[in-house]
Amino acid sequence: MPSVIFHVRGKKLSPEVELAKTTLKPYSIHHLGEVVIRKRGDFVFEDSGFHVDIGPQNSEDLKKQTKIATSFVKKHYSEIKRIKGASDMRLDFGYCMRFDKTGEPFWVQTDFFPLEFVRLCGELKIGIELSMFYGATVDRLISHYVKVLKLKRPETKRAAEKRK
């Protein structure tokens with residue numbers, strides 16, 4: 001679920017070499033040409049890279065995520081600056097649509113990244129990515145409108161299969 005992920009990628013990146021220079025703890029490392037087999041289709045990595053989950057775990061609170069990301073960038077500033085071969089570094093913020101106390105969605109949602117955070121990211125050439133967790137949002141929307149409109153909740157494919 002939502003948290004902030006630090007992605008580092010590049011065709012000339014040697015993940016293990018660069019990670020050895022840091023205290024970063026990646027949850028995933030991949031290499032140029034590596035084949036990944038998945039149900040939705042196989043793919044080949046066109047670069048090498050690593051991914052660090054910096055937290056907070058399962059938090060949609062963008063202010064809290066930004067605070068943690070700022071601390072991460074400050075703490076690891078000199079280590080990140082020394083990473084060689086990366087053509088793409090980014091902090092990926094996972095979030096969902098926000099809802100009021102009654103479960104009604106806010107149809108306009110604005111967010112702000114503090115200048116200091118943006119400046120630090122800019123100095124280190126770290127991009128900022130926002131990834132909306134659509135599935136979690138849709139589930140909350142369905143729950144809200146089922147309650148408000150007094151509808152029957154749609155049956156999931158899994159539940160329908162179990163009934164058969």
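How many bridges join strand S2 to S5? Three do, with S2 (residues 28-30) and S5 running antiparallel. The model is a predicted one, in which local features need pLDDT of at least 70 and side-chain atom pairs count only at pLDDT 80 or more, while totals for chains, interfaces and linings use all residues. Residues are numbered from 1 along each chain as its sequence is written, and side-chain values use heavy atoms, with hydrogens and water left out.

Helices (H or I, at least four residues) and strands (E, at least two) are taken as DSSP runs numbered from the N terminus, and two strands count as paired if DSSP finds at least two bridges between them. Seven of the eight residues of S5 (residues 48-55) are buried (under 20% relative accessible area; exposed is over 50%, partly exposed in between; 1.4 Å probe, protein chains only), so the strand is largely enclosed by the rest of the structure.

The Ser3 side chain makes a polar contact with the side chain of Asp53, at 3.1 Å. A polar contact here is a pair of N or O atoms within 3.5 Å; within protein, one must be able to donate a hydrogen and the other to accept it, and residues adjacent in sequence count only if both atoms are side-chain atoms.

What about the core? A nonpolar core is a set of buried Ala, Val, Leu, Ile, Met, Phe, Trp, Tyr and Cys residues joined through side-chain atoms within 4.5 Å. The largest one has 24 residues, and Phe6 and Leu91 touch the most other members. At least two residues each come from S1, S5, H2, strand S6 (88-95) and helix H3 (115-124), with H2 giving the most, five residues.

Asp61 lies in the loop between S5 and helix H2 (62-81) and is partly exposed, with a relative accessible area of 39%. The Asp61 side chain reaches the backbone nitrogen of Lys63 at 3.1 Å. Although Asp61 and Arg98 are 37 residues apart along the chain, their C-alpha atoms are separated by 9.2 Å.

Finally, Ile37 occupies the loop between strand S3 (35-36) and strand S4 (43-44), and counts as exposed at 70% relative accessibility.
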